[in-house]
Each structure stands twice: as structure tokens, then as C-alpha cells.
Amino acid sequence: MNIGINGDSAIALAWKQIDPDVCAAYPITPQTIIVERFSDFVADGEVDTEFVTTESEHSAMTVCIGSASAGARTVTATASAGMAYMWEMLGIASGMRVPITMAVANRTLSAPLNIHCDHSDVMSTRDTGWVLLFAENVQEAYDNTIMAMRIGEHKDVRLPVMHNLDGFILTHAIERMTTLDTHDVKDFVGKYTIDHSLLDIKNPITHGVMDLQDYFFEHKYQLVEAMENAKGVIEEVFEDFAALSGRKYEMLESYRCDDAEYVTVVIGSTAGTMKEAVDQLREEGHKVGCIKVRVFRPFPIEKFKELLTGRKMVAVMDRHISLGSTGPMFNEVCSSVIDVDDSPDVVNYVYGLGGRDVPVSDLKEVYMNMIEGKCKKVNFLGVRL
Amino acid sequence: MSKMTVKELVPGGMMIEPGSAMKFETGDWRSFRPILEREKCIDCLTCWIFCPDDSILTKDGKMEGFRYTHCKGCGICARNCPKDAIRMEPEGE
């Protein structure tokens with residue numbers, strides 16, 4: 001069915017169709033609509049979910065870890081400062097291998113106080129052991145919500161998953177979207193089962209143990225393997241989802257890249273704008289293309305290598321700056337092509353911080369700067385100097 | 001004992017064997033050792049209640065001494081004994 005819906009409501013709708021066992025959350029702009037809509041579904045008896053209204057995000061994630069350890073399929077949502085507040089628990093969720101799924105309505109981190117979109121919240125959590133998925137539009141925000149569960153809960157992965165959508169740009173904008181049949185969604189996600197439940201009193205277990213010099217490293221290495229396994233599982237889930245929905249996703253989506261000499265790498269809603277810039281420049285005869293990153297963790301390094309080798313120049317678009325360094329994706333893209341013979345020049349564009357509008361004209365300028373050799377190593381798109 | 005590898009360890013650091021703390025001997029952490037003065041002891045088992053480990057040995061409701069393989073020497077038993085029947089002595093003396 002085609003409907004008009006905003007990104008937050010689309011996620012709440014996906015949750016309604018999935019009917020998870022537990023949702024523990026605290027509202028924060030621009031994620032609030034997700035938990036508001038979903039709490040309506042709970043109050044109206046449309047789902048069987050236990051909705052836990054916590055007093056903070058730290059507590060929300062703690063409840064999620066407990067319930068997922070007990071064997072409950074668990075969801076939550078947050079943004080910005082809320083995620084910063086639950087940061088301690090993010091590593092605990094992944095370390096304890098509980099496949100919580102969390103919607104993140106990307107919003108910058110203060111100060112100055114700002115409620116609008118950039119990726120400083122999610123990018124600051126990139127080392128915490130969560131699988132990170134991104135959406136370009138409302139449809140993808142909905143689809144990612146459904147796929148995230150299958151990825152995280154897979155026996156070879158068992159990791160928590162964040163599915164991100166750009167604050168306001170996607171959370172509050174109404175777009176046309178195709179829904180799946182509720183029965184199909186339930187079939188697709190299947191049943192969440194775990195090997196060892198915290199509530200199985202016949203087989204008591206201890207969760208959250210201390211692990212010192214002699215074992216901590218081995219347990220961390222298990223996460224390294226789980227992330228590596230996630231790559232294959234993600235491909236498998238994308239295949240199955242394509243069979244169900246007709247929408248085929250890739251870890252990296254390449255747009256008009258076949259003969260492209262100048263390529264951008266972009267995450268989130270800006271990918272849509274970037275495609276328009278590519279189309280316009282192609283009209284003008286320029287060999288340009290773009291690569292949209294759907295999966296940032298695990299980082300698809302082999303695919304980057306494959307897609308970027310032989311290009312003249314690559315501009316990595318970061319909606320976040322690791323202060324004192326560069327955009328975080330820039331570093332990782334550079335390292336993906338460092339050992340290839342025909343490695344492209346790679347430059348960095350930091351853009352759109354604090355929700356700064358990113359028009360097609362600005363993105364065309366990125367390509368023209370590459371073509372005309374005007375790029376610095378690290379560039380700040382549109383900032384008034 | 002050889003240490004378990006990545007492949008052998010339960011993911012998430014879960015302990016799936018109940019009571020396995022018995023296998024982890026914490027007695028070598030101790031710098032003070034509790035000594036029972038049997039003649040003062042009235043077998044009230046206050047020490048058994050307060051011991052944060054499982055290091056008070058009892059038999060038929062009687063205080064029998066300490067499980068030195070696990071006692072960390074915290075001294076809580078000595079502090080709480082109503083009859084001063086437990087004294088703490090430095091290890092190595």
C-alpha cells in the first residue's frame with residue numbers, strides 16, 4: 001500500500017507490524033514522534049509490547065539490555081544528547097551480545113544548543129560495537145527497521161543494531177512510501193530465540209561478568225568476528241528483503257559510477273540531493289557519480305576498494321568532524337584504498353553541520369572543485385570564513 | 001590450566017555453569033587471615049551471615065573455621081563477631 005508518512009511514524013509503523021516484546025525509551029527531539037506514535041499503539045492494544053517509560057536514556061538502554069538478555073525482542077529510539085547519555089550502556093549491549101535494535105534520529109551534539117541534523121551523535125558511537133545502518137529516505141528508514149532485526153539477531157552476529165535517519169529532514173518530512181503486509185513483516189523477522197535466557201531458572205546463568213587481563217581480549221575478538229560475519233548476513237538479509245519487497249539494497253549503492261572519474265561518498269538523506277547533482281552534471285557532460293553508504297559498521301572496506309580503484313578523485317562527504325582530525329569516514333575511505341596500485345586522490349568535505357541546508361548547487365560545486373583541481377585535503381562546504 | 005580460546009568461550013562473557021565461582025580461588029588475595037578462638041565462640045553464626053563470600057565453614061549449625069581457599073581476608077566476620085572470637089592476623093607472620 002502507498003501512504004504518505006514521515007520517517008518517525010514510518011518506524012513506529014514498522015514496530016507495530018513487528019510487535020516487539022519490549023520497548024524502553026525516553027523521548028528526545030527529533031525522535032519523539034517514534035515513541036509517541038508507538039505508545040499510542042500500545043495504549044490502543046494494537047500490539048502486545050511492554051512499553052517501559054524510563055526516566056533517562058541511560059536507564060532506557062539498561063532496561064533494553066536486561067529484557068533482551070531475558071529473551072525479549074527489544075527496541076528503542078533516541079537521538080543526540082540522549083544517545084550521549086546512554087553511551088556507557090552502548091558498549092555493554094554489544095559486549096553482552098544482546099541484539100537490541102535502536103532507531104536514531106540523527107541530531108547534532110551541543111553546544112551551541114541545536115536540534116538539527118548532522119551525524120555527530122552516531123559517528124561518536126562508531127567504536128561501540130553496534131551495526132550501523134543509514135537511510136536516504138522515509139522508505140529506507142522503514143525498510144531498515146525491519147531488516148535490522150534479522151541482522152542483529154542472526155546467530156552468527158548477535159549484535160545490537162542502530163538504524164539511522166536524518167533528524168527533521170527524514171523524521172518530520174512526509175514522503176510517499178510503500179508499506180509491506182503485516183503478515184509478511186512478521187514472517188520476515190521471524191521469532192527471536194536465544195540460547196541462554198536470564199529468566200530460565202532451570203538453567204541459571206550469570207550475565208555481565210567481570211573479565212580481566214586473561215579473558216577480556218578474547219571476548220573483544222569475538223566481537224571482531226561477529227562484525228565480520230555481519231557482512232555476509234547483511235547481504236543475505238538484503239537478498240531476502242528484495243525477494244519480499246522488490247527493493248534491492250547494497251551495503252554501498254553506486255549511482256552512475258560505471259565510467260565516472262569523479263566520485264563522492266555520502267551517507268543519509270544528502271545522497272538524494274547528490275544524485276540530482278550527478279544527473280545535472282552528467283547532462284553537462286561530466287563523468288561523475290556517487291556512492292551511498294548504507295552500512296557504516298561493519299565498514300565495507302573491500303567494496304570501497306572495488307568501487308574506488310581507478311577513479312581520478314574521490315570526495316568523502318562527512319556530516320561530522322572529528323575535531324582535531326578530519327571527518328571520520330574520510331579516514332576510513334582513505335585506508336580502504338591505501339594499498340591499491342591505482343589509488344585515487346581522496347579529499348574530505350565536511351558539510352551540513354547543525355542542520356545547515358545542503359542544496360544541489362553546493363554539491364555540484366564539490367564536483368566542479370574536483371574537476372578544476374580546486375580542492376584542499378579537508379574542505380568545509382559553505383562555511384563563512 | 002590452559003586458558004580458553006576465542007572459539008571456546010561463551011559469547012558475551014556469560015557464565016552458563018552455576019556455582020562456578022567455587023573454581024576461582026580468591027584466597028591468595030588475602031593479606032590478613034581470620035583466626036577462630038574456639039573457646040569464645042557461641043556458634044551464633046553472625047560471621048556466616050555477614051561473610052560476603054562463602055568462606056565460613058559450618059557443620060550441624062556449628063562454626064568450624066574458614067575456607068581459606070576463598071577467604072579474601074576482608075575482616076567483616078571479625079568486626080561483626082559479638083564475642084570477639086575472630087582475630088585477624090597478618091599473613092606471612
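Colleague: What area is buried between chain B and chain A?
Modeller: This is a predicted model, in which local features need pLDDT of at least 70 and side-chain atom pairs count only at pLDDT 80 or more, while totals for chains, interfaces and linings use all residues. Residues are numbered from 1 along each chain as its sequence is written, chains are lettered from A and ligands numbered from 1 in the order in which they are written, and side-chain values use heavy atoms, with hydrogens and water left out. Buried area is the accessible area (1.4 Å probe) that two parts lose on being put together, summed over both. Carbon and sulfur atoms give 66% of the area buried between chain B and chain A, the total being about 1,400 Å².

Colleague: How many residue pairs are in polar contact between chain B and chain A?
Modeller: Salt bridges (a side-chain nitrogen of Lys or Arg within 4 Å of a carboxyl oxygen of Asp or Glu) number 0 between chain B and chain A. A polar contact is a pair of N or O atoms within 3.5 Å, where within protein one must be able to donate a hydrogen and the other to accept it, and residues adjacent in sequence count only if both atoms are side-chain atoms. With both residues at pLDDT 80 or more, the count between chain B and chain A is 5 residue pairs.

Colleague: Which strands of chain A are the edges of the open sheet of 6 strands?
Modeller: Strands (E, at least two residues) and helices (H or I, at least four) are DSSP runs, numbered from the N terminus, and two strands pair if DSSP finds at least two bridges between them. The sheet has the order β9-β11-β10-β13-β14-β15 in chain A, with mixed pairing. Pairing on one side only marks the edge strands of chain A, which are β9 (252–255) and β15 (378–380).

Colleague: What angle does the direction of helix α12 of chain A make with that of β13(A)?
Modeller: Axes are lines fitted to C-alpha atoms, for helices over the stretch in contact (heavy atoms within 4.5 Å), and angles run from 0 to 180 degrees between N-to-C directions. Strand β13 (residues 313–318) of chain A runs parallel to β14 (residues 345–350) of chain A, joined to it by 6 bridges. Helix α10 (residues 270–283) of chain A packs on the sheet, touching β9, β10 (262–267), β11 (288–293) and β13, and its direction makes about 170 degrees with that of β11(A). Helix α12 (residues 328–337) of chain A also packs on this sheet, touching β10, β11, β13 and β14, and its direction makes with that of β13(A) an angle of about 150 degrees.

Colleague: In the open sheet of 7 strands, which residue of β12(A) stands opposite A:Leu132?
Modeller: This sheet of chain A has the order β3-β2-β4-β5-β7-β6-β12 and mixed pairing, and its edge strands are β3 (50–53) and β12 (295–297). Strand β6 (residues 131–134) of chain A runs antiparallel to β12(A), and 2 bridges join them.

Colleague: Which residue takes a positive phi in the hairpin of β2(B) and β3(B)?
Modeller: Strands β2 (residues 56–59) and β3 (residues 62–66) of chain B pair in the antiparallel sense over 4 bridges, with B:Met63 in β3(B) as the bridge partner of B:Thr58. The hairpin has 2 residues between the strands, and the positive phi, near 50 degrees, belongs to B:Asp60.

Colleague: Which residue is joined to A:Ala111 by a cis peptide bond?
Modeller: A:Ala111 lies in the loop between β5 (101–106) and α6 (120–123) of chain A. The bond has omega at about 0 degrees, and the partner of A:Ala111 in it is A:Ser110.
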